Amino acid sequence: MGTKFKCKKISKGCVEGKVIISKDALCYYLVEPESGTVVERNHDLEGRNVAGKVLIMPSGKGSSVVQADGIYKLSQHGNSPLGMIIEHADPVLVSSAIIFEVPMVHEVDPEFYAQIIDGDTIVLDATNGVLEIKK
Amino acid sequence: MNLKPEHKDMLEGRYGEGVAKAMEIQTAIGETFDAKRMVPITRAHVALSSQDADLWFVEKMLSLGATCKVSPTVNPSIDLKYLNQHLFEIPKAGVDIVSATNAAYQKIGATLTFDCTPYLQQNVPGMGEVIAFSESSATPYVNSVLGARSNRESSQSALCAAVTGLVPEYGLLLDEHRYGEILVEVEADIETDFDYQLLGWCYPELYKGLEIPVFTGIKARPTPAGFMNFGAQLNTSGAVSMYHIVGVTPEAPTLEAAFGANKVKHRIKVTNDDIARTRDRLCRKGEKIDFAMFGCPHLTITQVETIAKTIAERRFAVDFWVLTSSLTKELAERMGYLDIIQRAGGHIVADTCIDVPPCWQPYYGKVGVTDSPKCAYYNEIRGIKFIIRPIEECVEAAIVGEVLQ
């Protein structure tokens, strides 16, 4: 049993996987669909891979089109993130997550951020609003 | 959410599966942002993109029987015929996706304006009007400059709004969320349209939050192109859907009006040094170029005029593309600017976006010059390297084939 934290559902679903933490907002258009590697210059995650990970980031960024297209292309290649945990919800990222069925939550217990470390394994249960860090 | 009986019926499929799907997506968004109800819209703009996800979604909605209750204007696509005649034979995959996207939008009931500046022509909302606009330069423009009310819609959520004629009521639709929280004291000298590109890119680098910024220290009202550049970059470098400029934008006659009951949460200064740092990081050093490209967002007639006047009967050494609306192209022809640009060896192409792959394939891996950081940013993925300069300097560079400084 790991430690559990409350959060609020944006896009339903339940997944388990390793987390990757970004200090910067992410635009999925600047993630290479064939690999899941972030290619944006000077980005906190530049050169790292988001495929199959639970991505923790402040928010999304980028034009009204490119988030959806970025996530769509990643999912076509089987490289979309497993789930997302964000601080600031914006409608562009929210609608993309809902339409492409990537579980996503926000309004997370601040203690979660104090404990989580890049590479930890977690259960993201968006449907029930629960995060569990597996130690 | 507290849905009216009629809206519940829409969600439950009484008006068809298409409406039900749109409502399902919109109510999920509404619940994320604690919206209490759905409210009617009078206008919509969808950022059509002829990209895979775009076509997939509009065809999915069509297959469910959706049609638009409020006909949206749409973003640029590609003028296939023009590019075929003047650039290269567009690969079949490109022709197919562009043709299929255009047909699907026509079928669902969109108005095919193919222009990303609806707020300047064809779909201009008034103060207080509740609308659903996607397109990164449009959302800040309609909210900040015109005083209309739109959240930062995605192309998909804006299409849903066009189908239902409704939006969830949250965020920028409500008075209390339109006040500023971040005071941005601009000490830098911001005068030209290009300065607004840099300020728009710089601010989200200094502060990453989504709160509404209130800019002071802007000495003169920006031109429409200045406002357009500013919003496009604020919403690309960051996710700023609304800003105030004290003494300039309609909901900020004074600092007090801009902040309402809000306290100043953060105070950010933007100096000439900050702008210089953004310029150094973003704009790249001069080198030989293969082409020049303008129109992200679509150029205004004033910007086309600037290009024509800078050319002054010289000829370009490299390919030169001006992207604008069909109306502005026609006006450019009437004003003689089209002749000047064509005599120099350049093109004005209507209805077309810098970012509809694979229609600009001949430039993949090449070096271009543009006035738009947004154009440069979205082409990184295709290995197109853009040097960014003010329009006049871009024209000079295209004439000698090199960015000299």
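**Exercise 1.** Determine how many salt bridges link chain A and chain B in this predicted model.

*Solution.* A salt bridge requires a side-chain nitrogen of Lys or Arg within 4 Å of a carboxyl oxygen of Asp or Glu. By this rule, the count between chain A and chain B is 4. A:Lys73 and B:Asp52 form such a bridge, at 4.0 Å from N to O. As to conventions, residues are numbered from 1 along each chain as its sequence is written, and chains are lettered from A in the order in which they are written. Local features need pLDDT of at least 70, side-chain atom pairs count only at pLDDT 80 or more, totals for chains, interfaces and linings use all residues, and side-chain values use heavy atoms, leaving out hydrogens and water.

**Exercise 2.** Describe the extent of the interface of chain A and chain B.

*Solution.* Begin with contacts (heavy atoms within 4.5 Å): 35 residues of chain A meet 41 residues of chain B. Next, take the buried area, the accessible area (1.4 Å probe) that two parts lose on being put together, summed over both. The two chains bury about 3,200 Å², with 59% of it on carbon and sulfur atoms. Finally, A:Tyr29, A:Arg41 and A:Ile99 supply 19% of the area that chain A buries against chain B, more than any other three residues.

**Exercise 3.** Classify B:Ala308 as buried or exposed.

*Solution.* Buried means under 20% relative accessible area and exposed over 50%, with partly exposed in between (1.4 Å probe, protein chains only). B:Ala308 has 3% relative accessibility and therefore counts as buried. Beyond its neighbours within four places in sequence, B:Ala308 contacts B:Tyr337 and B:Ile340.
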